[in-house]
Amino acid sequence: MTALAPIMEGFFTDRLMNQQDASPHTIASYRDTFKLLLAYLHRRTGKLPNRLDLTDLDATAIGEFLQHLENVRGNSAASRNTRLAAIHSLFGYASLQAPEHAQLISRVLAIQTKRTAKTAVDFLSRAELDALLAAPDRTTWHGRRDHALLVLAAQTGLRVSELTALTVGDLRLGTGSHVSCHGKGRKDRCTPLTAHTQQTMAVWLAERRAATDTAPLFCTRVGTPLSRDAVGRLVSKHATRAAQGHPALHGKTITPHTLRHSAAMTLLHAGVDITVIALWLGHESPTTTRIYLHADMALKEQAIARTTPPDTTASRYQPTDALLAFLEQL
């Protein structure tokens, strides 16, 4: 066994599990990164993973691995950066365990993350959201479950992992009704429920008939928790059905995270301060929440309307000539 194997084992057992008490999601992400890296190095060098040394993981090899992720596996720049963050974390630990390789380690740590494009936030308007919430067939058990899940997700903005982890005991109805969740970054938070959401969840709880408070709030027919993929599929299914009666939904990719964005935009349109929205969504910093300020053209039009000279009516420019109209559409 070479120097790499004990360093990598110590990184997971000592650094991540004991010192940092990293979440299972973090450990799984790092594990997948190094499984990909070791498999790539095996094909590149012909060495079995337990025979690899730190010298086989120099900056050139890591750089080629990152290129492999993008060019061969088709990963995005964001995924590449996630893998690089795991590698940087390992080499930061290795710098203390193998100081004789300090020069090699420093070169790997110097590899920069790649800039990524800032995409616009996708969210649903009120009419589009109403069409989605009306899509499930509430004459069936699955339709009533899906309707309750969509209503709760759209109002609270919970992440899909938070939705699937909810138990019956996390829901409190009546005076001060709210839902509690253990979210990203191990932050616990409570989100208040509107009267409509409270009524919908009361109907679902009556049908759910859970034996204990620890039973999953949203489950399969046999009582097991829904998976993230299952929630994604049901949202996509109902979005397709909603688009049949609401053409504006055609061409939109609607995911569980779209409902989270929609909840944030609803709060923003209601005049809620961005720092409160950050707390509502469980963001680490209000900086993350600022993406919603750039998402909606209506907010920008309200801002430009305030700069309109007196005695003028704000409107969009409309070309009067057919040829100009054609050119404007190009």
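This is a predicted model: local features need pLDDT of at least 70, side-chain atom pairs count only at pLDDT 80 or more; totals for chains, interfaces and linings use all residues.

1. Helix α11 and helix α12 (residues 274-281) pack with their axes 10 Å apart and at an angle of about 150°. Since angles over 145 degrees count as roughly antiparallel, α11 is therefore roughly antiparallel to α12. The crossing in which α11 passes α12 is right-handed.

2. The contact in this pair is made on one side by Arg260, Ala264, Leu267 and Leu268 of α11, and on the other by Ile277, Trp280 and Leu281 of α12. When the residues of the contact of α11 with α12 are divided by class, 6 are nonpolar, none is polar and 1 is charged.

3. At the other end of the chain, helix α1 (residues 4-19) packs with α2 at an angle of about 170°, the two axes being 12 Å apart, and α1 and α2 are therefore roughly antiparallel to each other. From α1, the residues Leu4, Met8, Phe11, Phe12, Leu16 and Met17 meet Ile27, Tyr30, Arg31, Phe34 and Leu38 of α2. The class count for the contact of α1 with α2 is 10 nonpolar residues, no polar ones and 1 charged.

4. Helix α4 (residues 77-97) and helix α5 (residues 102-109) have axes that come within 9 Å and cross at roughly 155°, so that α4 and α5 are roughly antiparallel to each other. The crossing of α4 and α5 is left-handed, whereas that of α11 and α12 is right-handed.

5. Which residues bring α4 and α5 into contact? In α4 they are Ile87, His88, Phe91, Gly92, Ala94 and Ser95, which meet Leu104, Ile105, Val108 and Leu109 in α5. The residues of the contact of α4 with α5 comprise 7 nonpolar, 3 polar and no charged.

6. The largest pocket deserves a separate look, with its volume of about 780 Å³. It is lined by 19 residues, and of these His25, Arg159, Ser161, Lys184 and Arg228 are the closest to its centre. By class, the lining of the largest pocket has 10 polar, 5 charged and 4 nonpolar residues.

7. The pocket can also be related to the helices discussed above. At least two residues of the lining of the largest pocket are supplied by each of α2 (24-45), α8 (160-165) and α11 (256-269). Of these helices, α2 packs with α1 and α11 packs with α12.

Terms used. Residues are numbered from 1 along each chain as its sequence is written. Side-chain values use heavy atoms; hydrogens and water are left out. Axes are lines fitted to C-alpha atoms, for helices over the stretch in contact, and angles run from 0 to 180 degrees between N-to-C directions. Helices (H or I, at least four residues) and strands (E, at least two) are DSSP runs, numbered from the N terminus. Angles under 35 degrees count as roughly parallel, over 145 as roughly antiparallel, 65 to 115 as roughly perpendicular and the rest as oblique. A crossing is left-handed if the near helix is turned anticlockwise from the far one by less than a right angle, and right-handed if clockwise. Contact means heavy atoms within 4.5 Å. Ala, Val, Leu, Ile, Met, Phe, Trp, Tyr, Cys and Pro count as nonpolar, Asp, Glu, Lys and Arg as charged, and the others, Gly among them, as polar. On a 1 Å grid over the protein atoms alone, a cavity is a set of points where a 1.4 Å probe fits but cannot get out, and a pocket is an open set with protein on both sides within 12 Å along at least five of seven lines; lining residues have an atom within 4 Å of a point. Grid points are joined across faces, edges and corners, and a volume is the space filled by probe spheres set on the points.
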